[in-house]
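Dear colleague,

Please find below the structure that I promised to pass on to you.

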Amino acid sequence: MDLEPYDTVRGIFTEGGELYPGSGFKQKSHTQIAVRNPRCIRGLFIPVSEPI
């Protein structure tokens, strides 16, 4: 099977306990993005550690 190469991939990781009973949301859930093609990056930001 021939597939086109991917530029980006996103993964969802559910970790930790439920936020509240019966919740589908977990305490430590997070998303990771892998960018293989730098031309897909339109911009970036750098978080500040203290309020301005």
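The accessible surface of the chain comes to about 5,500 Å², and carbon and sulfur atoms account for 56% of that area. Please keep in mind, as you read on, that this is a predicted model. Buried residues make up 6% of the 52 residues in the chain. As for charge, the chain carries 6 positive and 6 negative side chains, and the centres of these two sets lie 2 Å apart.

The secondary structure consists of two strands and zero helices. The radius of gyration is 17 Å, whereas the globule rule gives 10 Å for 52 residues, and because the value for the chain is well over that figure, the chain is more spread out than a compact globule. Along its principal axes, the C-alpha trace spans about 45 × 45 × 10 Å. If you take the contacts between residues at least 6 apart in sequence, 27% of them join residues at least 24 apart.

Let me now turn to the strands, starting with Val9, which lies in strand β1, made up of residues 8–13. Which residues does Val9 touch, once those up to four places away in sequence are not counted? They are Gln32, Ile33 and Ala34. With one of these, Gln32, the separation is 23 residues in sequence, while the C-alpha atoms of the pair are 8.4 Å apart in space. Val9 has a relative accessible area of 43%, and because this value falls between the limits of 20% and 50%, Val9 counts as partly exposed.

Thr31 belongs to strand β2, which covers residues 30–35. Leaving aside the neighbours within four places in sequence, Thr31 is in contact with Arg10, Gly11 and Ile12. Thr31 is also partly exposed, at 45% relative accessibility. Thr31 and Leu44, on the other hand, are 13 residues apart in sequence and 17 Å apart in space, from C-alpha to C-alpha.

When neighbours within four places in sequence are left aside, Lys28 is in contact with Phe13, Glu15 and Gly16. Is Lys28 buried or exposed? Lys28 is exposed, because its relative accessible area of 59% is over the limit of 50%.

Asn37 counts as buried, because its relative accessibility of 13% is under the limit of 20%. The side chain of Asn37 takes part in a polar contact of 3.2 Å with the side chain of Asp7. The side chain of Asn37 also reaches the backbone nitrogen of Arg39, at 3.0 Å.

A colleague

Definitions and conventions: Residues are numbered from 1 along each chain as its sequence is written. This is a predicted model: local features need pLDDT of at least 70, side-chain atom pairs count only at pLDDT 80 or more; totals for chains, interfaces and linings use all residues. Side-chain values use heavy atoms; hydrogens and water are left out. Helices (H or I, at least four residues) and strands (E, at least two) are DSSP runs, numbered from the N terminus. The radius of gyration is taken over C-alpha atoms; the globule rule is 2.2 Å times the number of residues to the power 0.38. Buried means under 20% relative accessible area, exposed over 50%, partly exposed in between (1.4 Å probe, protein chains only). Contact means heavy atoms within 4.5 Å. Accessible areas come from the Shrake-Rupley method with a 1.4 Å probe; for residues, only the protein chains shown count as cover. Lys and Arg count as positive and Asp and Glu as negative; His and the chain ends are not counted. The place of a charge is taken as NZ of Lys, CZ of Arg, CG of Asp or CD of Glu. A polar contact is a pair of N or O atoms within 3.5 Å; within protein, one must be able to donate a hydrogen and the other to accept it, and residues adjacent in sequence count only if both atoms are side-chain atoms.
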